[in-house]
Amino acid sequence: MTDESPKTRPASQPDGPPVAITPPRPGGVGATGDDAPMPLPDPPLPFNRILLSVVLLCLPPLALTGAAAWLGWLPREVAALAATGLLLYYALLTRRQARAIYDLRNFADELIGGDRPLPASARLGSPALRDLGYAIARLYRAKRDRNDEMMRLVQARDGVLDAVPDPVFALDRQGRILGANRAAVESFGSVIGRDTTLLFRQPAIVAAVNLVLSEKEARTTATLSLAPPVEREFTVAVQRLQSVAPDGTCAVLTLHDVTALRRAEQTRVDFVANASHEIRTPLTTLLGFIETLQGPAKDDPAAHAMFLDIMQGEAQRMARLVEDLLSLSRIEQHEHEHPTTPLALAPLLERVVAGLRPQADQRRSQIKLTVESNTNVIGTADEVVQLAQNLIVNALKYGKEGGVVTVAVKRKPSAPAAMPPPAFGTIAIAICDDGEGIPRAHLPRLTERFYRVDPARSKSQGGTGLGLAIVKHIINRHRGSLRIESDVGKGTCVYAYLPAAERG
């Protein structure tokens, strides 16, 4: 019988003897020299199986020996001695081979935990058993290499999916989410195990998923709209896999964010409509007066003078509109290129204010400029001039007639939250008027193209509706920030923040 211990017997070997597990050593299977593993201790072997093997092996030679003694070919003493020798030889041989076989079985079972040296009993056994041991080791190593390669492929696949900017979901036959890439987790949080119908809750998405999962369609698309506070729009594609994956994945759902595209399309449509309207109005006026001058007022000098003045004003307004459109296009084209040149604000603003004094005198208004020392910025001179001109002209137009427009330049220790952190602090240009002010409901839309709080007043004063849109894009190109504050009846202040060129 055996002296087996339940603590050392592997779970996969209910009938085998316990074997001490040798830690992995350099050299692995078949190592020699100083790095060769120590021989395994002799394990107890099942006596009954060895006895049965000895009997089965000894029966043919014992039968021959007995027959030779019975026929008188061998003396009885010689036959008895030969039978005893055969029994001892086969007993030792069987025990040795049994130990090698059982050790090889344990060796195969233990390889799952890592590299193991070939047992000494197998190396000392027959060449066939030794070759069998090496074959088991090679088989294990080939399987391990394939598993490692599969793990690398899985990790590479996960890395590729995580690099995809669009959310991707893996679905099972019931529509549950079995996997999601990084973009999906960032957009929708923890989604593993959730049902797509509960995650999206939109009939079009549910219908698209059901068509694919029911195998009525191989691929479907739909549109997903997410409600505020952050409105987003996605194009949804649901694709059925050709075969079910081992984890149960049978379909893939992909979301493509088209929010920016939809907004750009809407902006383009609005821009074309507004620009067409803005140009059509002065053109219609010009054509009307031209027809009048060619017809009823052909010989009326007084009408000629009056109509020509009006036509000149409309033509100038159309020229300003075209110039603003071209200016806006140029700024947008280079908006991603940030300026790197230091720029002194004081002389630049003094030149702008001097150029606008005649316009201020027409309204009997004053422009007061104050600039702190050490307020140089990083910027482009022409664009900063255009920024200051647009803001001061707006303040003159919408301030009180005979009022005061203040232009103040100060260094700020910290930048607004909407502005990228500057290296040397922030310079704030504050331009304030004392006009009627703007209702708060209009403030978020003031930088939209062609948006006007009072369209009639704006057109009467020659405005194109693009001034603040140009200012916003100049600020964006300079990596700055724009803030507008206004109180009805008290006036409006516009703050333009630009990165400082040096430390204060």
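This is a predicted model: local features need pLDDT of at least 70, side-chain atom pairs count only at pLDDT 80 or more; totals for chains, interfaces and linings use all residues.
# Reading sheets and helix contacts

Reader: Which strand pairs with β12 (residues 491-499) over seven bridges in the antiparallel sense, forming a hairpin with it?

Author: That strand is β11, which pairs with β12 over seven bridges in the antiparallel sense. Leucine 482 stands opposite alanine 496 in β12, and serine 486 has threonine 492 of β12 as its bridge partner. Three residues lie between the two strands of the hairpin, and glycine 489 in the turn has a positive phi of about 90°.

Reader: Is β12 largely enclosed or left open by the rest of the structure?

Author: Burial is judged from relative accessible area (buried under 20%, exposed over 50%, partly exposed in between, with a 1.4 Å probe and protein chains only). Nine of the nine residues of β12 are buried, so this strand is largely enclosed by the rest of the structure. Both of its faces are covered, with Gly491, Cys493, Tyr495, Tyr497 and Pro499 buried on one side and Thr492, Val494, Ala496 and Leu498 buried on the other.

Reader: In what order do the strands of this sheet stand?

Author: This is an open sheet of five strands in the order β7-β9-β10-β12-β11, and its pairing is mixed. At the edges stand β7 (366-371) and β11 (481-487), each with a single partner strand, so one side of each is left without a neighbour in the sheet. From one strand to the next the twist averages 15°, where axes are lines fitted to C-alpha atoms, for helices over the stretch in contact, and angles run from 0 to 180 degrees between N-to-C directions. Helix α10 (residues 345-362) packs on the sheet, touching β7, β9 (404-412) and β10 (426-432), and its direction makes about 175° with that of β7; touching here is a contact, that is, heavy atoms within 4.5 Å. Helix α11 (residues 381-398) lies across β7, β9, β10 and β12 and runs at about 30° to β10.

Reader: How is the sheet with the order β2-β1-β5-β4-β3 paired?

Author: That open sheet of five strands has antiparallel pairing. Its edges are β2 (177-180) and β3 (219-226), each with a single partner strand, so one side of each lacks a neighbour in the sheet. Neighbouring strands are turned by 25° against each other on average, direction ignored. Among its pairs, β1 (residues 168-171) and β5 (residues 251-257) share four bridges, with valine 168 opposite threonine 254, while alanine 237 also has threonine 254 of β5 as its bridge partner. Eight bridges link β3 and β4, and threonine 223 stands opposite threonine 235 in β4. Helix α7 (residues 203-213) lies across β1, β3, β4 (232-240) and β5, at about 160° to β3.

Reader: Where does arginine 201 lie, and is it buried or exposed?

Author: Arginine 201 lies in the loop between α6 (196-200) and α7, and it is exposed, with a relative accessible area of 62%. Its phi is near 55°, a positive value in a residue other than glycine.

Reader: How should I read the packing of α9 with α13?

Author: Two packed helices are described by the angle between their axes and the distance between the axes. Helix α9 (residues 301-333) and helix α13 (residues 467-477) pack at about 15°, with axes 10 Å apart. That makes α9 roughly parallel to α13, since angles under 35 degrees count as roughly parallel, over 145 as roughly antiparallel, 65 to 115 as roughly perpendicular and the rest as oblique. The contact is made by Asp324, Ser327, Leu328, Ile331 and Glu332 of α9 and by Ala469, Ile470, His473 and Ile474 of α13.

Conventions
Residues are numbered from 1 along each chain as its sequence is written. Side-chain values use heavy atoms; hydrogens and water are left out. Two strands pair if DSSP finds at least two bridges between them.
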